[in-house]
Amino acid sequence: TLEAAGTWLMATDYKDVQKQRALQGWCGYPGCSHKLVGQGADAKFRISVAQRRVYSMKGRKYVCSDGCHVASRLFAATIQDYRPFAAGTPLPAQTP
């Protein structure tokens, strides 16, 4: 599961996963199976006419939707900046 993978990942690893998925045309959030469609890599802002708002695209170019952006940020916040098993803690139990 995604939560189990989070015990093995560092924050930089997760950023790499997001970039690799986006380069392959998939949403950068690993829990999503949608393709990136209509995402402009050069876009700096997104205009929502319905909500009459302008959104910054900073950090959103690797995900397919606002929901995936929020979910990805929440997951990224749970990941350590170091590898837990490299800091002297025991390895997580592997499931068969």
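**Figure 1. Confidence and fold of the predicted chain.** The model is predicted, so local features need pLDDT of at least 70 and side-chain atom pairs count only at pLDDT 80 or more, while totals for chains, interfaces and linings use all residues. Residues are numbered from 1 along each chain as its sequence is written, and side-chain values use heavy atoms, with hydrogens and water left out. Where pLDDT is low, the predicted coordinates should not be read in detail. Three helices and two strands make up the secondary structure, in the order α-α-β-β-α along the sequence. Helices (H or I, at least four residues) and strands (E, at least two) are DSSP runs, numbered from the N terminus.

**Figure 2. Surface and contacts of the whole chain.** The accessible surface of the protein chain is about 7200 Å², and carbon and sulfur atoms account for 57% of that area. Accessible areas come from the Shrake-Rupley method with a 1.4 Å probe; for residues, only the protein chains shown count as cover. Of the 96 residues, 24% count as buried. Buried means under 20% relative accessible area, exposed over 50%, and partly exposed in between (1.4 Å probe, protein chains only). Among contacts between residues at least 6 apart in sequence, 55% join residues at least 24 apart; a contact means heavy atoms within 4.5 Å.

**Figure 3. Cysteine pairs without a disulfide.** The structure holds zero disulfides, a disulfide being a pair of cysteine sulfur atoms within 2.5 Å. The cysteine sulfur closest to that of C27 is in C64, at 3.6 Å, which is too far for a bond. For C32 the closest cysteine sulfur is in C68, at 3.6 Å, again too far for a bond. C27 counts as buried because its relative accessibility is 0%, and C32 counts as buried at 8%.

**Figure 4. A nonpolar surface patch that includes F45.** F45, I47, V49 and V54 form this patch, with about 480 Å² of accessible area together. Patches are made of residues with over 30% relative accessible area and no salt bridge, like charges being joined within 9 Å and nonpolar side chains (Val, Leu, Ile, Met, Phe, Trp, Tyr) within 5 Å. A salt bridge is a side-chain nitrogen of Lys or Arg within 4 Å of a carboxyl oxygen of Asp or Glu. F45 lies in strand β1 (residues 45-48) and counts as exposed because its relative accessibility is 57%.

Figure 5. K44 is in the loop between α2 (11-23) and β1, and at 61% relative accessibility K44 counts as exposed. Not counting residues up to four places away in sequence, K44 touches Y55, S56 and M57. R52 is in the loop between β1 and β2 (53-56), where its phi is near 55°, a positive value in a residue other than glycine. R52 counts as exposed, with a relative accessibility of 79%.

**Figure 6. A76 and G6.** A76 is in helix α3 and counts as partly exposed, at 32% relative accessibility. A76 and G6 are 70 residues apart along the chain, and their C-alpha atoms are separated by 8.5 Å.
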